[in-house]
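Subject: Structure handover

Hello,

Here is the structure I said I would pass on. My notes on it follow below.

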Amino acid sequence: MEIKKILNLARVPSILMLGMVYMTYVLIGGVIFWKLEGDLGRKDISRVLLNKERLLTTYTCLNQEGLMAVAQVVQDASKAGLSLKGNDTTDGFWKFTSSAVFAATVVTTIGYGNISPSSTAGQIFCVFFALFGIPLNMVVLNRVGKYMLAIERNISDFLEGKTGRRKCTRFFVHLVSYLSGTVLFFVVPMIVFQLHEGWTYSQTIYFCFITLSTIGFGDFVADSNPDKKYPEWYSVLMASWIFFGLAWLALLINHSIDILERLNTHFKQRWVGHKEEEKSGSAECDNPETQMENEEEIKKPPLTQ
């Protein structure tokens, strides 16, 4: 076998072009984020340093070492999920419901970063838990997404048989699927998070997208404010929302892949049909018997009635 066939060098230019587009897209995004957030970041640093000076000026008995000790206590309390505003004791982050949500964020690769195992045994278990849990999560979500897509197709075929309008029926079913998913996994959670977390609607939409897209920055995390009392069902609802929301995204991905495959098949059939027509036309032109028949037809005198 030739080296060109082994390395498939014919696809290298397209891969390089796609890589250039990818790098350009990332760099453009970096420039935009730099312009939008750079000045704000510098202002935040200036404000923090100013607050530090005011704190040392106000509390003269507190020196630099004392300030660092207080900051360390605040940081440790935040990492443990505790509040320093009162004397109430809580279980912190590692209660059962929060641990279950953490396990869900591990296998779904969301990884907010607000909570993480600190013991050696917990860290080792997290590695093996993610090693087997992430592929299992992908398989389950893919299967659930295909199942939801099959239900959508069955409904579409049923309505198509009743109405006899294929394109309108498919468009209507897809539109209802998209709108219902948007309401269930964005609008309803937006209202719930706004009520229980005190976020603005823009922040809740941002949190919903960052979570369901598995980006998981960790700047906004539900069920993690130690100053708030959450109902028992809140963590269960959040874990269910994450799972079914990701399944709905898997449905959208499978549906998009299905559309692209159909378009690819359609264009291939048209291309192959066009090529076959050209080949058949050129074969007829190159056939000497066909040419002789055409010449005889031309030489024949017209029939008179």
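Which element gives the largest share of the lining of the second largest pocket? That share, 5 residues, comes from H8. Before the details, some ground rules. This is a predicted model, in which local features need pLDDT of at least 70 and side-chain atom pairs count only at pLDDT 80 or more, while totals for chains, interfaces and linings use all residues. Residues are numbered from 1 along each chain as its sequence is written, and side-chain values use heavy atoms, with hydrogens and water left out.

Overall layout

The chain has 9 helices and 0 strands, so the order from the N terminus on reads α-α-α-α-α-α-α-α-α. Helices (H or I, at least four residues) and strands (E, at least two) are DSSP runs, numbered from the N terminus. Of the 305 residues, 22% count as buried. Buried means under 20% relative accessible area, exposed means over 50%, and partly exposed is in between, with a 1.4 Å probe and protein chains only.

The pocket

Rolling a probe the size of a water molecule over the atoms shows where empty space is left. A pocket is found on a 1 Å grid over the protein atoms alone, as an open set of points where a 1.4 Å probe fits, with protein on both sides within 12 Å along at least five of seven lines; lining residues have an atom within 4 Å of a point. The second largest pocket has a volume of about 370 Å³, where the volume is the space filled by probe spheres set on the points, and points are joined across faces, edges and corners. The elements that give two or more residues to its lining are helix H5 (120–163), helix H6 (166–197) and helix H8 (233–286). Among the lining residues are Glu152, Arg166, His174, Asp258 and Leu263. The lining divides into 3 nonpolar, 2 polar and 7 charged residues. Here Ala, Val, Leu, Ile, Met, Phe, Trp, Tyr, Cys and Pro count as nonpolar, Asp, Glu, Lys and Arg as charged, and the others, Gly among them, as polar.

Aromatic rings

Rings of Phe, Tyr and Trp (its six-membered ring) pair if their centres lie within 6.5 Å; planes under 30 degrees apart count as stacked, over 60 as edge-to-face and the rest as tilted. By this rule there are 15 aromatic pairs. One of them, Trp199 with Phe220, is edge-to-face, at 5.4 Å centre to centre and 80° between the planes. This pair links distant parts of the chain, 21 residues apart: Trp199 is in the loop between H6 and helix H7 (201–212), and Phe220 is in the loop between H7 and H8. Trp199 is buried at 9% relative accessible area, whereas Phe220 is partly exposed at 21%. Both belong to one aromatic cluster, which also includes Tyr112, Phe193 and Trp241.

What does the side chain of Ser224 reach? It reaches the backbone oxygen of Val221 at 2.7 Å. This is a polar contact, a pair of N or O atoms within 3.5 Å; within protein, one must be able to donate a hydrogen and the other to accept it, and residues adjacent in sequence count only if both atoms are side-chain atoms. Ser224 is in the loop between H7 and H8 and is buried, with a relative accessible area of 18%.

Most residues other than glycine have a negative phi. Thr214, in that loop between H7 and H8, has a positive phi near 60° and is partly exposed at 27%. Thr109 also has a positive phi, about 60°; Thr109 is in the loop between H4 and H5 and is partly exposed at 41%.

Regards
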